[in-house]
Amino acid sequence: MSTPTTTEQDNLQSRLPDPSQFFPEVATIAGAMAKATLNGAIPHTTINLVQLRAGQIVGSTYHTVRQTGLLRKAGETEERITAVASWQDAPYFTDAERVALELVEAVLTPNPFGERVPDELYAKAAAHYDDKALWTLTIAIGQICFFIPVALIAKPLPGKPLGKNYSR
């Protein structure tokens, strides 16, 4: 498989125009969610790792490119960024980050044998995070889940800054 050339990437088109022209209140919702997740209860890096994993799980190029860029901008190593896809056996993550990644996988992956988030997983998370941090992590997962349909249906342009990520 070949890598798209810059010209091919420049010709990418979103399927839909920017939703803010139809629903300006979405910016308020997005801003409130960002403010809630960036409250300092858990590291921003953990939020970005979790949201990168969510993008990988659902197959969203937009989210994987966006979260990878945010992690690079925050100074994360390429080893940590690329190892998110195989975090279970990668040596680059703290126990708290591992449980956060396990939690987002549990939320987004169907479990035909029981609860997606069983008591054992919750207990592991509660051992690393207090109530505010658990809510922050929960909201961070909800935040990315809010934008997953946008990315998969509207196909905003990966790698473009917010406000310039729609071509129509």
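## Helix α8

At 1.5 Å a residue, the 24 residues of α8 should span 34 Å. In this predicted model, the end C-alpha atoms of α8 are 35 Å apart, which agrees.

Which residues of α8 are buried? They are A133, L134, T136, L137, A140, I141, Q143, I144, I148, A151 and A154. In the model, residues 133-154 are 100% helix and 0% strand. The end C-alpha atoms of that span are 31 Å apart.

K155 sits in the segment after α8 (131-154). Its backbone deserves a look. Most residues other than glycine have a negative phi. K155 has a positive phi of about 55°, although it is not a glycine.

Is K155 buried, partly exposed or exposed? Its relative accessible area is 41%. Buried means under 20% and exposed means over 50%. K155 therefore counts as partly exposed.

## The largest pocket

Rolling a probe the size of a water molecule over the atoms shows where empty space is left. The largest pocket has a volume of about 810 Å³. Its lining is made of 31 residues. Of these, A30, R66, Q143, F147 and L162 lie nearest the centre of the pocket.

Which elements give two or more residues to this lining? They are α2 (25-37), α3 (44-58), α4 (61-73) and α8. The largest share, six residues, comes from α8. What kinds of residue line the pocket? The lining divides into 18 nonpolar, 11 polar and two charged residues.

Two names here have come up before. Q143 is one of the residues nearest the pocket centre, and Q143 is also one of the buried residues of α8.

## Helix α6

Now turn to α6 (residues 95-108). At 1.5 Å a residue, its 14 residues should span 20 Å. The end C-alpha atoms of α6 are 20 Å apart, which agrees.

How much of α6 is covered? The helix is mostly covered, with 10 of its 14 residues buried. The buried residues are E97, R98, V99, A100, L101, L103, V104, E105, A106 and L108.

L101 is found in helix α6. Its relative accessibility is 1%, so L101 counts as buried. How far is L101 from V50? In sequence, the two are 51 residues apart. In space, L101 and V50 are 5.5 Å apart, C-alpha to C-alpha.

E97 lies in helix α6 too. At 8% relative accessibility, E97 counts as buried.

## The annotated domain

UniProt, in an unreviewed entry, lists residues 24-105 for "domain: Carboxymuconolactone decarboxylase-like". What does the model show over this span? It is 71% helix and 0% strand. The end C-alpha atoms of residues 24-105 lie 31 Å apart.

## Two more residues

Q21 has its place in the loop between α1 (6-10) and α2. Is Q21 buried or exposed? At 52% relative accessibility, Q21 counts as exposed, because exposed means over 50%. Q21 and L70 are 49 residues apart along the chain. Their C-alpha atoms are separated by 25 Å.

A126 lies in helix α7 (residues 119-128). With a relative accessible area of 34%, A126 is partly exposed. How far is A126 from A85? The two are 41 residues apart along the chain, and their C-alpha atoms are separated by 23 Å.

Definitions and conventions
Residues numbered from 1 in each chain as written. Predicted model: local features only at pLDDT ≥ 70, side-chain atom pairs only at ≥ 80, totals over all residues. Heavy atoms only, no water. Helix = DSSP H or I, 4+ residues; strand = E, 2+ residues; numbered from the N terminus. Buried < 20%, exposed > 50% of the residue type's maximum accessible area, 1.4 Å probe, protein only. 1 Å grid on protein atoms, 1.4 Å probe; cavity = no way out; pocket = protein on both sides within 12 Å on 5 of 7 lines; lining within 4 Å. Points joined across faces, edges and corners; volume = space filled by probe spheres on them. Nonpolar A, V, L, I, M, F, W, Y, C, P; charged D, E, K, R; others polar. Expected span 1.5 Å × (residues − 1). UniProt positions renumbered as here; feature names shortened; annotations may be inferred.
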